[in-house]
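Hi everyone, thanks for coming along. Please have a look at the structure on the screen, and then I'll walk you through a few spots in it.

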Amino acid sequence: MYDPTGQETLCPAGVEDMTVVTNERIAERIFRMTLAGNLVDKMVCPGQFVHVKCGSGSVPLLRRPISISDVDADQQQFTMIYRVEGEGTRLLSRMHPGEQVNVLGPLGQGYPIKQRKSGEHAVLVGGGVGVPPLYYLGRKLVEKGVRVTSVIGFGSREQVFLENELKELGDVYVTTMDGSHGTRGLVTDVLTVGDVDPWDVLYSCGPIPMLKALQELYGKEQTEAYISLEQRMGCGVGACLACVCHPSEETRQNTGKRYFKICSDGPVFGLREVAL
Amino acid sequence: MGTATTSERLQVKLGDITLKNPVMPASGCFGFGREYARFYDLSRLGAIAVKATTVEERLGNPTPRVAETEAGMLNAIGLQNPGMDSVIQEELPWLQQFDLPVFVNIAGTTVEDYVEVADTISRQPGVTALELNISCPNVKCGGISFGTDPQIAADLTREVKKVSRVPVFVKLSPNVTDIVSIATEVEKAGADGLSMINTLVGMRLDIRTGRPILSNQSGGLSGPAIKPVAIRMIWEVSQSVNIPIIGMGGIQNAEDVAEFFMAGASAVAIGTANFVNPYVCPEVIDSLPALLDDLGVDKISELTGRGWRR
């Protein structure tokens with residue numbers, strides 16, 4: 001367990017009808033929504049998520065977990081970036097400024113950054129719709145004087161987003177599967193060629209195959225690294241046990257833990273903490 | 001309009017058990033209460049039905065464990081729970097800080113399992129009643145296999161009643177041809193009350209892969225989609241038994257509570273709606289008095305069976 005006290009990310013959650021400020025398409029099937037409301041005051045930990053009610057009726061019934069991508073505390077606004085996958089996110093993508101969205105959050109344990117020191121180097125590794133939480137994390141790290149390098153991967157040029165925003169924080173390496181933008185291939189292809197300077201800590205969010213590749217590359221070393229997981233969720237607060245994952249053998253032996261709840265123990269875990 | 005005070009208006013009785021209001025979270029949808037205690041004081045609830053407890057720890061099914069449906073959801077958690085020793089040491093003492101009747105849902109693979117959990121759990125301080133889970137559709141043995149045959153259900157009820165120090169409510173499965181025959185057999189075997197309904201077995205496929213979305217393939221359907229099924233079953237069963245019924249299945253608001261009462265329920269449990277709105281239980285409780293005014297009813301208990309009583 002990276003933070004046995006739980007102090008760092010013990011943020012109280014709430015429920016609020018928040019007001020849509022902007023809602024725009026920024027890449028293929030990718031939308032960025034900015035919402036205003038009092039819950040923003042609680043969104044101090046990067047890597048947390050909100051559980052969003054899409055539409056007001058019983059269809060779709062459940063909330064959708066979406067990561068917090070940026071926070072503007074002064075304006076009491078936060079930004080979430082989501083991919084249109086099904087009926088819920090489709091409804092969300094059609095919302096207009098001034099309309100209300102019911103938000104539960106912020107939820108989960110975010111990325112630990114308390115122990116980061118000025119002058120350190122952090123590398124942020126993101127894949128597709130896993131990139132958004134890394135932006136708020138990057139901003140927080142830069143505020144602390146940490147040097148940030150981003151390595152972000154997408155399917156193709158049409159799907160690339162947050163590249164320019166991340167460039168304002170530090171160096172950015174982009175990969176696409178089809179080579180239509182940046183380096184052809186995967187984020188791990190950039191990490192393994194040695195272009196990125198040695199780092200003190202790695203933070204990641206993305207598809208399971210990418211996270212598995214990171215475990216294979218760095219799981220044996222003592223590199224400090226954190227990953228954020230995604231899973232179908234029910235309650236989002238740790239009660240329903242829908243979104244569990246397995247601890248690694250090492251974690252199981254050290255802690256006796258036999259499962260983690262992604263929504264409340266995570267979504268961020270130490271790289272070696274979970275079995276993917 | 002009558003003269004009952006607000007607290008008297010919502011008070012209900014389940015046999016010898018008195019609840020300050022008729023709303024409890026349903027088993028499996030509320031853990032052991034800790035997660036929702038972050039949102040409100042659990043003492044506001046009429047009672048709590050905690051997660052199914054088995055003799056040994058159970059790790060449940062692989063993920064994905066939930067799939068959304070039209071106005072509902074499928075789950076196949078698989079009775080994941082920390083086992084009865086941990087529940088006794090960690091969860092039940094923690095719940096005692098609240099003014100809250102506790103219904104402990106118990107499950108097992110064999111009759112001996114059920115008897116062992118019932119015997120042990122019912123001795124614990126703060127346990128108000130047992131809810132006998134003979135209707136979980138998501139485990140290979142135990143659960144629903146006890147709930148689909150009237151005689152097997154009755155035999156299990158009888159064995160559990162022999163050892164239990166507290167009233168036993170039997171949670172019935174809707175996945176049966178004739179729920180009335182099961183309910184009446186369970187009553188004859190000594191059940192103190194019924195909880196109904198558990199989830200309906202269902203399934204969803206991912207059309208991209210052609211495969212089931214749930215790793216367990218099938219799961220239990222809950223949410224507003226199943227409310228009419230629950231209403232019909234409670235309507236039929238409540239006219240055939242003389243023990244109280246805790247009604248559940250898709251309840252989202254005070255109007256739904258009234259409908260369950262009119263069908264024959266004496267209290268209700270709210271499940272899936274907690275996932276949508278963590279405050280749903282206290283919100284429903286708070287909105288009941290105004291609804292009773294609208295309906296011209298003094299006490300909510302007067303609504304039980306109003307649909308069929310002549």
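Let's start with A:T176, which touches A:F154, A:G155, A:S156, A:R157, A:V160, A:H181, A:T183, A:R184 and A:G185, leaving aside residues up to four places away in sequence. Contact here means heavy atoms within 4.5 Å. Before I go on: this is a predicted model, where local features need pLDDT of at least 70 and side-chain atom pairs count only at pLDDT 80 or more, while totals for chains, interfaces and linings use all residues. Residues are numbered from 1 along each chain as its sequence is written, chains are lettered from A and ligands numbered from 1 in the order in which they are written, and side-chain values use heavy atoms, with hydrogens and water left out.

So, is A:T176 buried or exposed? A:T176 is buried, because its relative accessible area is 0%; the cut-offs are under 20% for buried and over 50% for exposed, with partly exposed in between, using a 1.4 Å probe and protein chains only. A polar atom of its side chain lies 2.7 Å from the backbone oxygen of A:H181.

A:T176 belongs to strand β9 of chain A. Helices (H or I, at least four residues) and strands (E, at least two) are DSSP runs, numbered from the N terminus. β9(A), residues 170–176, runs parallel to β8(A), and seven bridges join them; strands pair if DSSP finds at least two bridges between them. One bridge links A:I152 with A:V174 in β9(A).

Now look at β8(A) itself, residues 147–154, where seven of the eight residues are buried. β8(A) also pairs in the parallel sense with β7(A), residues 121–127, over seven bridges. The chain gets from β7(A) to β8(A) through helix α2(A), residues 132–143, in a right-handed β-α-β crossover. Right-handed means that, with the strands pointing away from the viewer, the path from the first strand over the helix to the second runs clockwise.

Finally, where do the two chains meet? 27 residues of chain A are in contact with 33 residues of chain B. About 2,600 Å² is buried between them, 61% of it from carbon and sulfur atoms; that is the accessible area (1.4 Å probe) that two parts lose on being put together, summed over both. Three salt bridges cross the interface, each a side-chain nitrogen of Lys or Arg within 4 Å of a carboxyl oxygen of Asp or Glu. A:K261 and B:E35 also form a salt bridge, at 3.1 Å from N to O.

How values were computed
A polar contact is a pair of N or O atoms within 3.5 Å; within protein, one must be able to donate a hydrogen and the other to accept it, and residues adjacent in sequence count only if both atoms are side-chain atoms.
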